[in-house]
Amino acid sequence: MNSPNTQHVAAQLRHFTHEETIALVCDFWSDLDQTQQTRLLKMIEQGPRPLAAEAMGLGDPKDLLDDIRLLRDAIAHDHYVEYGAGYDPEYGDYRGFGDDGWIDEMDDLFAATSSFFRAGKWRAVVKAYLALFAIFELNQDGFHFTRPNPAAALHTDLDEMKRNLFIAIGRGDPDPASKAIETSGKVRYYGNDQYALLEAWQDRAELATALEKALIAAARRAIDQRPDGFLPHTSDLLREFYRRYRGLPDYESLCRKVGRRQGWPYQDLVSRYCE
Amino acid sequence: MLTWTDDGLSKLPAKSGYRPMLVEAHGQALLRLKRPREAFEELRALFRNHMTPSVYLLLREAAQSIGRWEKLYPSLVMDMHEHVAMVDWEMGYLDEDVHAAELMGFAHLVESDWQKALEWALNAELPTGWHDANLLKVVATGLLRMGLASRGKGKTGKQPDEALTQALNNAPDIIRKYGDLLESAAHRSPARSLLNSAVKLYERMVEQEIGGRDRDHYARAGAHCRVIRAIRRWQGREAAFDRYYQGLLVTHSRRPALEDELRRAIEKSR
């Protein structure tokens with residue numbers, strides 16, 4: 001948008017609400033001939049431009065992945081931990097001391113990835129989100145961060161990022177259910193929502209069905225049946241899936257399929273009967 | 001439900017931790033189907049190894065409906081007492097051990113036997129369990145709930161103040177879940193005695209927290225003091241609290257951090 005005319009149009013459009021902009025486009029559309037309509041339709045179907053990424057000079061997804069890798073390497077090599085590590089009574093925990101700059105950088109990279117998400121670049125988005133979440137895993141390797149809980153230090157809504165990631169997997173992966181389950185196990189403790197996968201796929205019946213099938217298949221393996229113990233993530237997801245979306249007859253069917261090996265389906269069925 | 005509990009019990013491994021829950025649900029279903037004798041037998045056997053409030057209350061209901069509660073109650077108390085006595089509290093214990101002790105205090109309260117509950121809480125000398133497991137707190141908040149109900153808003157129109165409401169809202173799980181039963185039991189006991197007993201237990205909790213010798217413990221001691229003051233206000237006995245509070249300050253005059261926390265809790269809040 002460099003010409004004076006386009007700058008003028010952009011300046012005017014800034015005063016429009018979202019609904020007014022949609023109405024304007026629809027009015028404009030109805031006055032176009034068929035060829036022009038087809039051209040505009042193609043542009044719309046391509047999705048919005050990844051403006052946040054472009055503004056950072058990351059218009060190409062490959063550049064984004066390179067930047068994520070550079071940040072990861074910098075953190076791993078303690079570029080930000082300048083003064084060693086130790087106990088911080090303010091946090092009641094150990095952490096590295098130094099430059100907090102990695103927080104803004106990660107926030108920016110999540111924002112850039114999300115702009116590619118809105119642009120519908122599903123495969124690139126999955127790679128980028130996974131690479132970003134994997135940075136947090138460096139915390140298991142030592143004090144590479146200046147905060148005890150790096151995920152909590154970000155300003156980014158990590159639950160929203162996880163939902164975006166699962167939507168992208170649902171649209172871009174050849175075996176979305178398996179990939180999503182594996183990914184959910186890796187990212188569940190970042191942010192607050194351990195069940196972001198269920199949130200992300202709740203309106204996609206075909207994905208939800210595939211997910212349920214894959215989770216039931218995983219639940220055919222026997223688990224340690226301690227009611228207060230930790231469930232494997234696949235069992236935990238299946239349990240939450242049934243809590244949210246399934247009724248009594250479904251629970252009865254689930255008991256027949258995996259009740260003996262999992263235990264908890266009987267507990268949940270009986271609780272449902274008691275409600 | 002009977003079909004499914006039977007199904008689960010026939011299929012789950014012998015060591016499955018979900019079995020007791022299914023036995024309990026089975027007993028509950030029998031009760032609802034007016035088969036209390038069978039429910040009684042199952043729940044009685046379950047309670048020996050699974051001393052939870054929900055099993056206890058179902059068993060109580062089954063026993064009452066077949067006229068066997070008077071005889072059963074002392075033997076259940078004995079079971080719980082034996083369980084607690086068997087634990088070597090210094091060597092190590094489980095949460096369920098503390099919960100068994102709490103249940104015994106709660107059981108006494110439900111039967112309006114508040115003196116025994118008080119005696120048990122003061123003399124059992126159990127350590128504090130994980131989470132909110134704490135015998136003193138169970139009996140203290142149970143007595144508080146009973147005391148307020150015994151002279152409740154129906155009679156006087158009086159509403160608990162913020163400190164009392166908070167104490168009840170933060171009561172241990174067993175009191176929050178089954179407190180209604182205590183309110184029914186409260187009407188057979190004098191409010192004054194119930195609340196005086198609650199104060200005794202809160203005073204014991206203050207002592208315990210002071211023994212913790214750090215700011216966090218002192219702050220909790222202050223919070224308990226606020227509840228004591230609120231109870232005394234409810235009773236119209238504020239002078240009794242003033243004497244207790246001044247006594248605390250004098251006794252612990254060499255602990256400025258404690259004094260600071262107590263003043264923060266009492267004098268900076270009304």
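Biologist: Which residues of α14(A) are buried?

Modeller: This is a predicted model, in which local features need pLDDT of at least 70 and side-chain atom pairs count only at pLDDT 80 or more, while totals for chains, interfaces and linings use all residues. Residues are numbered from 1 along each chain as its sequence is written, and chains are lettered from A and ligands numbered from 1 in the order in which they are written. A residue is buried if 20 or more other C-beta atoms, placed from the backbone, lie within 10 Å of its own, exposed if 12 or fewer do, and partly exposed in between. By that rule, the buried residues of α14(A) are A:Tyr251, A:Leu254, A:Cys255, A:Val258, A:Gly259, A:Arg260 and A:Gln262.

Biologist: Which elements do the buried residues of α14(A) pack against?

Modeller: Helices (H or I, at least four residues) and strands (E, at least two) are DSSP runs, numbered from the N terminus. Two residues are in contact if their C-beta atoms, placed from the backbone, lie within 7 Å. The partners of the buried residues of α14(A) are α12, α13 and α15 of chain A, together with α1 of chain B.

Biologist: Where does α14(A) bend?

Modeller: Helix α14 of chain A covers residues 248–262, and its end C-alpha atoms are only 17 Å apart, short of the 21 Å that a straight helix would reach; that expected span is 1.5 Å times one less than its number of residues. A bend is the angle between axes fitted to the seven residues ending at a residue and the seven starting there. For α14(A) the bend is about 60°, and it is found at A:Arg256.

Biologist: Which element gives the largest share of the side of chain B that touches chain A?

Modeller: The contact takes 14 residues from chain B and 13 residues from chain A. On the side of chain B, the elements that give two or more residues are α1 (2–11) and α2 (19–32). The largest share, 5 residues, comes from α1(B).

Biologist: Which residue stands opposite A:Gly86 in β2(A)?

Modeller: Two strands pair if DSSP finds at least two bridges between them, and β1 (residues 85–88) and β2 (residues 93–96) of chain A pair in the antiparallel sense over 4 bridges. Within the hairpin of these strands, which has 4 residues between them, A:Gly92 takes a positive phi near 65°. Opposite A:Gly86 stands A:Arg95.
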